[in-house]
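Look at the backbone and at one helix in particular. Keep the sequence beside you as you read.

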There are 2 protein chains.
Amino acid sequence: MSFTPRAVVLLSGGLDSTTVLALAAAEGRHTHALSFGYGQRHAVELECARRQAARLGARAHEVVDLGHVGRLVAAATSLIKASPLAVPKDATPGLGAIPNTYVPARNTLFLAYALAWAEALDASEIWLGVNALDYSGYPDCRPEFIAAFQQLATLATRAGVEGRPITLRTPLLHLSKAQIVRAGHELAVDYADTISCYDPTGSLACGHCDSCTLRRQGFLQAELPDPTRYA
Amino acid sequence: MSFTPRAVVLLSGGLDSTTVLALAAAEGRHTHALSFGYGQRHAVELECARRQAARLGARAHEVVDLGHVGRLVAAATSLIKASPLAVPKDATPGLGAIPNTYVPARNTLFLAYALAWAEALDASEIWLGVNALDYSGYPDCRPEFIAAFQQLATLATRAGVEGRPITLRTPLLHLSKAQIVRAGHELAVDYADTISCYDPTGSLACGHCDSCTLRRQGFLQAELPDPTRYA
């Protein structure tokens, strides 16, 4: 009898998380995809997430409404539709101060949710597409954050106490955007049906936010056609 | 000009968290109370939470609907109304294996939410009523869990990176239930309007779950009248 490990996969519907879902599937995991609506400007990503979860064979896909926390943090982040702040354009991602697109405690909250579901599912892993190289400089994308959450997850859960800790898998953590795009390309990921833009118009990317800048550079450096549709 | 620190306080409406809210207020904090509905059998506690937040002068009180995660974990915990499991009765709390009233990743999720709100509020503290002495043996009530979340909170947030880490305050961590009851009694906490039972009938406590056992012993050892109304 063979055993197929279950994995919860954080899936935003962007380039990184869709690649991670493909990688988890390619490693033979039974994937359970988890997405969040939190009032983000780019809520259209959730439609990509739905289609990608189906396309990449996820056993289940949950889209959680975290609109309440979105409203509580809206004044502190430009990424929320209701925020008075504007998404910065034509900056150099990852340099300088943490940009105002940072959402307070977002990855902590997403991972906490994933941890609860993983433990209930008896899943052994949580996969997520954090990246600390070509990224916007968010504190909760750094390797030290991931290590701290791993320690927490082991201490926090019955699974951890009983010697079956739930493991975080972050295959993109040290890759460049170009390497990520190439990895996904090899797995035939349909990048035309992902959206990375922080501030899209419908399903058209703005082309100027940090996320668009990183994505465009990634395809360029990977020497692969960029299927992104810009406004 | 004086500065009054803001604090987010996790408030279930039970004995411990209500005492913590009173302690934070007594230390001069501007309190922002945070409660969660997750399909718990004892959702009646949220009505106590609402009244206690008003009574103890909270500046704000948010009751967050986490029913989605409640449904995802219902099969793994007896504490959820929709669970097929039964709440254990007449056990000895804290001895033996983790009981089935354990809710996967509950405190991680509650704290993640509190961290997001605290950062958006520019609050410097999160107060919570975890207790590792007279408790049900949950892994996410232990001092090592709190220390791990503190480390995570500092790494995860802009506040932490910029040298203003949000501090966890756990004044009950090493107190006995009797000491907690006495502390609250001195602050005139209205314990008649708190409910601790895991499995109440309306607002009447069952008298036999771990939480009822610990509460009853606490009042007895504190030599204070127990205002709990039992079924």
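A:Asp90 is exposed: 10 other C-beta atoms lie within 10 Å of its own. A residue counts as exposed at 12 or fewer, so A:Asp90 qualifies. This is a predicted model.

Where does A:Asp90 sit? Its place is the loop between helix 3 (67–73) and helix 4 (106–121) of chain A. Its phi is positive, about 55°, although A:Asp90 is not a glycine.

B:Ala188 lies in the loop between helix 7 (177–186) and helix 8 (210–222) of chain B. B:Ala188 is not a glycine, yet its phi is positive, about 60°. B:Ala188 also counts as exposed, with 9 C-beta neighbours inside 10 Å.

| Residue | Positive phi |
|---|---|
| A:Asp90 | about 55° |
| B:Ala188 | about 60° |

Now turn to helix 2 of chain A, residues 45–55. Which of its residues are buried? They are A:Glu45, A:Cys48, A:Ala49, A:Gln52 and A:Ala53. Seen down the helix axis, these buried residues fall within an arc of 130°, so they line one face of helix 2 of chain A. An α-helix has 3.6 residues a turn, so residues three or four places apart point the same way.

What does this face pack against? The buried residues of helix 2 pack against helix 1 (15–26), strand 2 (30–37) and strand 3 (60–65) of chain A.

Terms used. Residues are numbered from 1 along each chain as its sequence is written. Chains are lettered from A and ligands numbered from 1 in the order in which they are written. This is a predicted model: local features need pLDDT of at least 70, side-chain atom pairs count only at pLDDT 80 or more; totals for chains, interfaces and linings use all residues. Helices (H or I, at least four residues) and strands (E, at least two) are DSSP runs, numbered from the N terminus. A residue is buried if 20 or more other C-beta atoms lie within 10 Å of its own, exposed if 12 or fewer, and partly exposed in between; C-beta atoms are placed from the backbone. The arc is that of the directions from the helix axis to the C-beta atoms. Two residues are in contact if their C-beta atoms, placed from the backbone, lie within 7 Å.
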